[in-house]
Every structure is written in C-alpha cells, then in structure tokens.
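Let's take a walk through this model together, starting with the overall fold and then moving to the aromatic side chains. Have the viewer open and follow along.

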Amino acid sequence: MKITGAVVVGLVFGSLTSLANALSSPYGPIGARVAGSAAAGAGTVVSLLLDAGWSWAALAVVVGWAVATPARGALGAVAALAAATVSYYVVSTGWLS
C-alpha cells in the first residue's frame, strides 16, 4: 500500500463512521426515516464500534503496518487519520445537515 492508499482508506473510514452516526440517530434526516427499524439498531452497533477510540487507533496501526517501512508507515498512519477526520466532518456537516 502506498500513502495515497492510506489516504483513501482514511477517507472511507471517516465517511462510514459519519454515516453510521447519521443512521443511528433518530434526530437526523436519515435516522428519522429508519427509527425503530432493524437498520437503526444495526447503525447503532456500527456507530458504537466505529466511534470508539480503539477503532481509530487500529486504523493507524493497520495502515502503518500495510505501508511497510517504519518512516512511510508513520506518514501513512498520520495521513489516514487526517483524511478520516476531514471526511468525517465533511460528511457530517455537508451531506447530512
């Protein structure tokens, strides 16, 4: 995996985390439509798993390991976390509000 792959993985992770939050909340436009359904319950479980600190740390560790060399691994981990943070907030504020 290259640094660009780490950025893509981060973008996907952050976006999925934000979408899981939107699905699990009955107060947003997506969650209001599925409130009380099995999709809302599944969204809650996925949201709790992806919002935990360990999952963000695991993202950095896995990406850093996949990039291979220690220096590129550190850069890839930072790039993945930065991309995940940006995509989380772009999806949360841009698409869902």
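Helices (H or I, at least four residues) and strands (E, at least two) are taken here as DSSP runs, numbered from the N terminus. On that basis the protein chain has 5 helices and 0 strands, and reading along the sequence gives the pattern α-α-α-α-α. Before going further, keep in mind that this is a predicted model: local features need pLDDT of at least 70 and side-chain atom pairs count only at pLDDT 80 or more, while totals for chains, interfaces and linings use all residues. Residues are numbered from 1 along each chain as its sequence is written, and side-chain values use heavy atoms, with hydrogens and water left out.

Now for some totals. Call a residue buried if its relative accessible area is under 20%, exposed if over 50%, and partly exposed in between (1.4 Å probe, protein chains only). Take a contact to mean heavy atoms within 4.5 Å; among contacts in the protein chain with a separation of 6 or more, 65% are between residues 24 or more positions apart.

Next, the aromatics. Rings of Phe, Tyr and Trp (its six-membered ring) pair if their centres lie within 6.5 Å; planes under 30 degrees apart count as stacked, over 60 as edge-to-face and the rest as tilted. The structure holds 3 such aromatic pairs. In one of them, the ring centres of Phe13 and Trp56 are 5.1 Å apart and the planes sit at 85°, so this pair is edge-to-face. Phe13 belongs to helix H1 (residues 3-24) and Trp56 to helix H4 (residues 53-67), so the pair ties together parts that are 43 residues apart in sequence. Phe13 and Trp56 are both buried.

Trp56 also pairs with Tyr88: the centres are 6.4 Å apart and the planes are at 75°, so this pair is edge-to-face as well. Here the link runs from Trp56 in helix H4 to Tyr88 in helix H5 (residues 70-95), distant parts of the chain 32 residues apart. Trp56 counts as buried because its relative accessibility is 18%, and Tyr88 is buried with a relative accessible area of 19%. Put together, Phe13, Trp56, Tyr88 and Tyr89 form one aromatic cluster.

One last stop is the loop between H4 and H5, where you'll find Ala68. Its phi is near 95°, a positive value in a residue other than glycine. Most residues other than glycine have a negative phi. Ala68 counts as exposed because its relative accessibility is 60%.
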